[in-house]
Amino acid sequence: MNILVIEDDSTLNKNIREALEAEGYHAESVFDGLLAERILKNNQFDCIIMDINLPGKTGYDLSADYRKQNTSTPILMLTAFSELDDKVKGYESGADDYLTKPFYMRELILRVHSLIKRNQNSSAKNKISNTIIAGDLTIQDDQKKVFKQGKEVILTPREYHILLKLSENNGEIVSKKDLIEHIWGRSVDINTNTIEVYISFLRNKLDKPFGTNRIKTKVGYGYYLDE
């Protein structure tokens, strides 16, 4: 497994790389956003660990531009800030997960492992998947494409997997806990506010522009797709 560590703090970058290599991963280091952009254009990685405050190009911009060419490789974003607005901006730029500094290396390893495992499972599933039709939504799981009323809607990997989980439940309620375990796994502690943020993203992309209300909330229970 090949992981790119994009972090301008040389000591932290070195510590992350060594922690990953101790777990059997191959890790490459880069300290500048512009250099990282060139590396990402010419190389494939199984996971990317990316700081937000980078010289040359911010993690937000780097992630957003990378998602134009690659929508599947998981991105773990690092930041010194814990405000919800910063996390929302990170998710909107295409990040799959968020880790606030300072953090334990063991937690970083668990999150990286969860991201890679999730991506592998999704790739394996795509080989035997077919098209899912849920009302005016069409999900082409082999291509990871979503169409609403015939118009393609671009989703981030996390948004896509949440929508897929809701569509597979055929209108039945999916709890926040089940969504978290399905997307991030049981070994990672994710706040339920994260799911609320992603549901808001999905509504802004799949409901609001089309004047529909397909993604419903059952207060105290969870979410479901109104078919």
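Asp65 comes out as partly exposed, with a relative accessibility of 29% (partly exposed is the range between buried, under 20% relative accessible area, and exposed, over 50%, using a 1.4 Å probe and protein chains only). Its salt-bridge partner is Lys57, and the closest N and O atoms of this pair sit 2.5 Å apart (a salt bridge being a side-chain nitrogen of Lys or Arg within 4 Å of a carboxyl oxygen of Asp or Glu). Lys57 itself is buried, at 13% relative accessibility.

The model is a predicted one, where local features need pLDDT of at least 70 and side-chain atom pairs count only at pLDDT 80 or more, while totals for chains, interfaces and linings use all residues. Residues are numbered from 1 along each chain as its sequence is written, and side-chain values use heavy atoms, with hydrogens and water left out.

Searching the whole structure turns up 17 salt bridges. One of them joins Asp51 to Lys101, with 3.2 Å between the closest N and O atoms. Asp51 belongs to strand E3 (residues 47-51) and Lys101 to the loop between strand E5 (97-100) and helix H5 (105-126), so this pair ties together parts 50 residues apart in sequence (strands, E, are DSSP runs of at least two residues and helices, H or I, of at least four, numbered from the N terminus). Asp51 is buried at 4% relative accessible area, whereas Lys101 is partly exposed at 23%.

Then there is Asp97, which pairs with Arg111 at 2.9 Å between the closest N and O atoms. Here strand E5 supplies Asp97 and helix H5 supplies Arg111, so the bridge links parts 14 residues apart in sequence. Both residues, Asp97 and Arg111, are buried. Elsewhere, shared partners join Glu37, Lys57, Asp65 and Lys68 into one salt-bridge network.
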